[in-house]
Amino acid sequence: MAACMHMGGPMKIRCLLVLLFSATLVSSSFGEDVESRLKTLEDTTKAQQQKFEEQQRLIDELKSSLGGPSAPGAAETAALPTPSKPVQTATPGQEGTTAKLTGIFGGSAMTNPYLSLVVNTFFYGSTLKQKELDSRTVPGFTNVPVDVRKGFNFDSAELFIFAPVDPYLTLYANIPVTESGTELEEAYFVTSSLPGGLQVKGGKFKSGFGRINGQHPHAWDFVDAPLNYRAFMGAEGMGGEKGIQVTWLPELPIYLQLGIEALQGENDQLFGADAKDGPHAFTIFAKTSMEIGDSGTILFGPSFIKGKANIPTVADNTTFTGNTDLFGFEMVYKWKPSRGTGFILQSEYLYRKQTGDLRMGDVADPASTVAPLTRAQDGIYVQGLYQIERWRVGARYDVLDLIKKDYILSGSQQSLGKQPWRATGALEFNPSEFTRVRLQYTRDESSRDGKTNNELYLQMLLGIGAHAAHSF
Amino acid sequence: MRKTAIVLIALLVPATPAFAKVKVVATLPWIGSVADEIGKEQVEITTLVKPNQDPHMVDARPSMILATRKADILMYNGLDLEIGYLPILIESSRNPNIQPGKPGNFDCSHFVTVLEKPVSVDRSMGDVHPLGNPHYHYSPARILSVAEGMASALSALDPSHADAYKANLATFREKVRAKQKEWGALPTKGKQFVAYHKLFEYLAADFGFTITAYVEPKPGIPPSAAYIEHLIEAIGRSRPNGILTTPIYGRKEVDFLAQKTGVRGVVIPHDVGATPGAKDWFSFMDQTLSALVK
Ligand SMILES: [Zn+2]
């Protein structure tokens, strides 16, 4: 209202109001006392006009008190002549109109949450045939192949929504839309006003276990997750889990975050949806961070998750029931001396121990057999990325069976084949903060049979909407 | 009786840490400098962004979270300039004092009239500041309004020193008024400049010069070689009074343009501390204006 007032003056507003109200009158029910309504209308209009005039006077007063020394009102010459005129600038009289821009559907920022959409699409090339890709697993770790097609792939369009609920809680949701439908990856609240450095998160969220796990795939430094993530949690990491998280930032001279979680435990490589009634996965983690000089930051810390398992992902036609322990250690070094230069070195070591029984064949099948299985295996990735202006080059090496490679079935160590490893190189171009084009080559030796997969990705990431802050 | 009371108070004062300093966290150096003028010995200021950093491209760091964790009041530039790190800092700090809507959440831009509020904006226009130009720290009149806001915010948080804040504000106001006269007398009016980024619009508005072109084709988008060629030709033809840039943002391109065209490159500190002599907001403005008229 105030905006129209600034543009058109009180007279115009009055006419508009009268027009609007008359229209309402015409369409409203018969038999109403038109006279009295008109009178009320006139009174309202008058009162509003007075209010407008008062506000205008206030604005004028404020403006004159702001006037610079050289020319009071010099500030009013907002529109400067520029050759390209990148932004249509508002004249000060129109200031009120911009209030409309803060919301998404023309409302205020209060009635509309922040929204953003990130599109992740890529082209995939491989020296293997599609049939070979579809059956390519990491024997001894997982029987789940990576879900990619040779040629064009559409990963997802991820919708992010967030807004404060009230002064105490903020709500976040992440809804990836894929070709197979819509998922609810995350929807959780975070407290903002607890005392003592405490914070509670609840709903469905990505666990604080490890580093890559908490990031969304579009924020990863490579197209795909490293091999140890794929081997122990799956190609997307642990994914959203239902539960509750409590973290604490004690008042110390260094940054130290401590966290615990109770989760339903549904990841199909660690726990499995029907492992147990009720929540059965529990996490504990610590993250500490320090600064090294003016431009360097180091972050590191251990994570541990424990739960019951009931999973079909050890090998085809098997079910494993037992216990899972997953231990992780993350380390990140960031060096950012200037706007256009930066370097990140990151590594995570994962060690997973599962003990229980492996049933070979269907439970209903009388011929199916059960044997005790212990898997104590590990893996690591190390990656580095160097930024020069809008370009970034990256390299990654990931390997499994690093120190521990126990796969003990019925008391005897199984020989599973060659050591799985991969080497990756990537080149990124970021035309703006909201677009990323990535070319990635991977030599994949993870299938233990000596069959190399030479992979090429050309990925495009696009983001629109609210600007999400970057975590460190 | 009276004497005893005085002695008692004298004894009590050093033993009571009740009058602890107000912990101010300022995002940018200029905010810290102005807060220091208003808060003086009553406040303890931590500034998050270093003077050699580009305020548009700041990443959250652990020391920032530690500082905001303990803050009584967080003072920031606003207009989305800190959008890349401030929301995460506020959330990660778990500090109830500084959450949006609380008295300890102090957005300096609430006290200024904003220039260049776009009527319509989308990102095809580059990394435009959608709430208007956020670089108002070059405007003495606006800084005075911000200082007034700071004085009342600090008084509300720490009422026992309200008089001190009021007195500091009065001193600051006088100093700004005197400086405004001095700066206003400099021959800046009517001059024409080319600028690297849309950083100097408030300076131009307050001191009566115009910015005729930008080295960045769109905000945040660096110029291509072809665009530089076009600029060399255009600048050579129009001969502006200088090409404005800062020590860290666009320096290389402006040095190149200056060398090619013979038009003077003008290096202006983008914030307090960005050049060796700019130790507080006043000397920062002194340096800015003397660079302009050199
Ligand atoms: Zn800017």
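Visitor: What makes chain B a chain of two domains?
Guide: Chain B is divided into domain 1, residues 22-182, and domain 2, residues 187-293. These bounds come from an automatic or database domain assignment. Please keep in mind that this is a predicted model. Taken over C-alpha atoms, the centres of domain 1 and domain 2 of chain B are separated by 25 Å.

Visitor: How do you know that domain 1 of chain B and domain 2 of chain B are in contact?
Guide: Contact asks for heavy atoms within 4.5 Å. By that rule, 37 residues of domain 1 of chain B are in contact with 29 residues of domain 2 of chain B, so the two domains count as touching. Between them they bury about 2,600 Å², and 62% of that area lies on carbon and sulfur atoms.

Visitor: Why is the pair Lys198(B) and Glu116(B) called a salt bridge?
Guide: The rule wants a side-chain nitrogen of Lys or Arg within 4 Å of a carboxyl oxygen of Asp or Glu. Here a Lys meets a Glu, with N to O at 2.4 Å. That value is within 4 Å, so Lys198(B) and Glu116(B) pass. In general, side chains of opposite charge can pair when their charged atoms come close.

Visitor: How many salt bridges and polar contacts are there between domain 1 of chain B and domain 2 of chain B?
Guide: The count between these domains is three salt bridges. The rule for polar contacts finds 15 residue pairs across the interface, both residues at pLDDT 80 or more. On the side of domain 1 of chain B that touches domain 2 of chain B, the elements giving two or more residues are α2 (29-39), α5 (140-157) and α6 (162-184) of chain B.

Visitor: What makes β1 and β3 of chain B a pair?
Guide: At least two bridges are needed for two strands to pair. Three bridges join β1 (residues 22-26) to β3 (residues 73-76) of chain B, so this pair qualifies. The two strands run parallel, and Val24(B) has Ile73(B) in β3(B) as its bridge partner.

Visitor: Why are β2 and β4 of chain B said to stand at the edges?
Guide: The open sheet of four strands has the order β2-β1-β3-β4 in chain B, with parallel pairing. β2 (43-47) and β4 (105-107) each have a single partner strand, so one side of each is left without a neighbour in the sheet. Neighbouring strands of this sheet are turned by 20 degrees against each other on average, direction ignored.

Visitor: In chain A, what makes β8 a partner of both β7 and β9?
Guide: Let us count bridges again. Six join β7 (residues 240-248) to β8 (residues 255-263) of chain A, and nine join β8(A) to β9 (residues 281-292) of chain A. Gln245(A) has Glu261(A) in β8(A) as its bridge partner, while Leu256(A) stands opposite Thr288(A) in β9(A). A hairpin of six residues joins β7(A) to β8(A).

Visitor: Why is the pair Asp444(A) and Arg136(A) called a salt bridge?
Guide: Their closest N and O atoms are 3.3 Å apart, which is within 4 Å, so the pair counts. Asp444(A) is in strand β17 (residues 435-445) of chain A. Arg136(A) is in the loop between α3 (130-134) and β2 (151-166) of chain A. A search of the whole structure finds 27 salt bridges over all chains.

Notes:
Residues numbered from 1 in each chain as written. Chains lettered and ligands numbered in written order. Predicted model: local features only at pLDDT ≥ 70, side-chain atom pairs only at ≥ 80, totals over all residues. Heavy atoms only, no water. Axes fitted to C-alpha atoms, helices over the stretch in contact; angles between N-to-C directions. Buried area = accessible area lost by both parts, 1.4 Å probe. Polar contact = N/O pair within 3.5 Å; in protein donor to acceptor, adjacent residues only side chain to side chain.
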